[in-house]
Amino acid sequence: MKMRLPVVAFMSLLCLLPGLVTAGSWYVAVNGLNTNPGTFTSPWPLGYALTRPSNIVLPGDTIWIRGGTYMGPFTSNISGSAVAPVWVRNFPHERPVLMGNAVAITDEVILTINGQFSYFMGLEVTTNATTRISTGNVDPPPDIYTATGVYIYGESVKLINCNIHDCQRGGIGFWKQALNAEVYGCMVFNNGYTNTSRGHGPGIYAQNNDETKPKSVVNSFIFNGFSLGIQFFTTSSDVLRGFTIDSSTVFNSGANTAANQQRRMNFLAGGSSVRVRNLTVTNSVFYRDTTDNSQTSIIPYSSLRKNVELGTESEAVWDVNVNFNNNLLYGDPTPLLWHRWDTGSFRNNFIYAYKSNNTLNALLLEQPFAAAPITNWNFNTYRTNQPSNTSPFNNDKNFATWKSTYAVDSNSTYNNTHPDSNHYFVRQNRFEPHKYYVTVQNYTGNDTVALPLNNASLNGTSYAIFDVQNSIKAPVDTGNFGGETIPLKMNRTAVAPLTGTSPVVPKHSSKTLGTFIIEFYPPYTTVKNGNWADPTVWSGGKVPQYFNKVILAHSVTVTTKAWCHSIALNGGHFTIAGGFLGVMKIN
């Protein structure tokens, strides 16, 4: 059965009894006061909550942020512990927005995280800036407002399922002090600005100075910025030790800058002369189709830059230990620039050098003179779309010469025709397991593809599909899962609008690439009359969570805080009696 688009409708009793607020829960609202106790009915303001002393907000506590717009900047000093982190997260079904306020020409950070073991989840970070174009050539620019979304300094911090967008100086500053920190399940897009020379403001700028405590970007989407997607980089000190990208999709970086300016890479690891140590990139997609917004009549095609660059620019320096496995690179014009590495692995990658014209042969990978593949380099698949391109490897080598010269790829394959089958990447969100992050490389060019899921436990469950590039707030399709596949429409063109004037209008990727979030809403049915919080009232013996579809066949009473995604009245009803019920819709 088709579901209506979700509209937030809360049923609540504002006189929630203070005694029902569980220990360790604090509340923030746009109308909060410093003099309030931080309860559900008497919340704090956000800035006050994030600077509470450690004898008030304790390890294991949760700070719940109610919906609304919070004008920044903010600094968080709260800390948890390894066994009991402090959570700062959105109140279920509500959307808190941390806003950079462009009332003056300044450069700021909207959210700075200093404390250790603090987990920030479900937040939106953005600005209300009116322009993204500087008329000068100085960074930061003196003529426009700029802001970075989030700076992370604290060790073992997690930024989870957050949306960071339209921040002019970049999305996330992931600094060297933030050892063992993680960006997980985040959408980072439309960040940066342009001046007279190029686009500025990477999606994620990262450093790290302890390879035993690497920081990571996991299960995230980074796209459509003015500059690089992910930049693991430095020019001054040895702080490129330990970095991981896993199960993420980075695409069309630099697409929003001026059409006559050089594009930037989706991922760059390395500085001018500083070694990279212990880099791991796995199960990820790096896609660039630079024909979307570039004008090759103005800027040379060879200046559109590479998709991914691995290693230090100086060939006098050996980078140490890279593991680049199970990734998909779709590159126009060149998928990979490879520098000098001593050890590691390069296995099970799919590299496709796509060319939109035949002005020159596409290179699958480029190596400076001193560079060479590492020993553990095998089981890869190489493709181009140019039937006459028989020598796409470095220095015009054909596949046989490439293999024999470097003694690599004995079990790999090369084909100079367009791929004829699709790739599907499906990743379950570990913090919100009802969500699946999906990337489709649609080589067949179909308007609709059938996403293979084959999860019998979800059979009959209703779902909603969100287009990552268009809107992460309202679904573009809904349905009921039949147990095997889900139809995904690939010929979409609508995109999330960019805040402020810019050189170009953001474009959706072609139907070659699809990026989606699919949410499932498992049903919970009452089996008897009783209290909502009583597990025995529900099928399966568990109390519904905010993502469950509830079917009321009996009468239930809500006496504490409760949530669900939707309620179907099947002969039953609910009564609010001193509690709170958050629900997206009621049938």
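Is aspartate 447 buried, partly exposed or exposed? At 39% relative accessibility, aspartate 447 counts as partly exposed. Here buried means under 20% relative accessible area, exposed means over 50%, and partly exposed lies in between (1.4 Å probe, protein chains only).

This is a predicted model, in which local features need pLDDT of at least 70, side-chain atom pairs count only at pLDDT 80 or more, and totals for chains, interfaces and linings use all residues. Residues are numbered from 1 along each chain as its sequence is written, and side-chain values use heavy atoms, with hydrogens and water left out.

Start with the strands. Helices (H or I, at least four residues) and strands (E, at least two) are DSSP runs, numbered from the N terminus. Two strands pair if DSSP finds at least two bridges between them. An open sheet is formed by 10 strands, in the order β5-β8-β11-β14-β19-β23-β26-β29-β32-β35, with parallel pairing. β5 (74–76) and β35 (365–366) stand at its edges with a single partner strand each, so one side of each has no neighbour in the sheet. β5 pairs with β8 (residues 107–113) in the parallel sense over three bridges. Threonine 75 stands opposite threonine 112 in β8.

Other strands pair in the parallel sense too. Valine 322 has glycine 344 in β33 as its bridge partner. β33 also runs parallel to β36 (residues 377–378), joined by two bridges. There, arginine 347 has asparagine 378 in β36 as its bridge partner.

Now the charged side chains. A salt bridge is a side-chain nitrogen of Lys or Arg within 4 Å of a carboxyl oxygen of Asp or Glu. The count comes to 15 salt bridges. One of them joins glutamate 182 and arginine 430 (2.5 Å, N to O). Glutamate 182 lies in β15 (residues 182–184) and arginine 430 in the loop between β39 (423–428) and β40 (435–441), so the pair ties together parts that are 248 residues apart in sequence. Glutamate 182 is buried, at 6% relative accessibility. Arginine 430 is partly exposed, at 45%.

Aspartate 447 comes back here. Its side chain meets that of lysine 511 in a salt bridge (2.8 Å, N to O). The pair links distant parts of the chain, 64 residues apart: aspartate 447 sits in the loop between β40 and β41 (448–452), and lysine 511 in the loop between β44 (485–489) and β45 (513–521). Lysine 511 is partly exposed, at 33% relative accessibility. Elsewhere, salt bridges that share partners join Asp107, Asp139 and Arg169 into one network.

Last, the pockets. On a 1 Å grid over the protein atoms alone, a pocket is an open set of points where a 1.4 Å probe fits, with protein on both sides within 12 Å along at least five of seven lines; lining residues have an atom within 4 Å of a point. The largest pocket holds about 850 Å³ of space, a volume being the space filled by probe spheres set on the points, with grid points joined across faces, edges and corners. Its lining has 32 residues, and Asn90, Glu94, Lys435, Ile472 and Glu519 lie nearest the centre. β45 gives the most to this lining, with three residues.

The second largest pocket has a volume of about 470 Å³. Of its 25 lining residues, Asp139, Gly201, Pro202, Tyr205 and Gln231 are the closest to its centre. β14 supplies the largest share of the lining, four residues.
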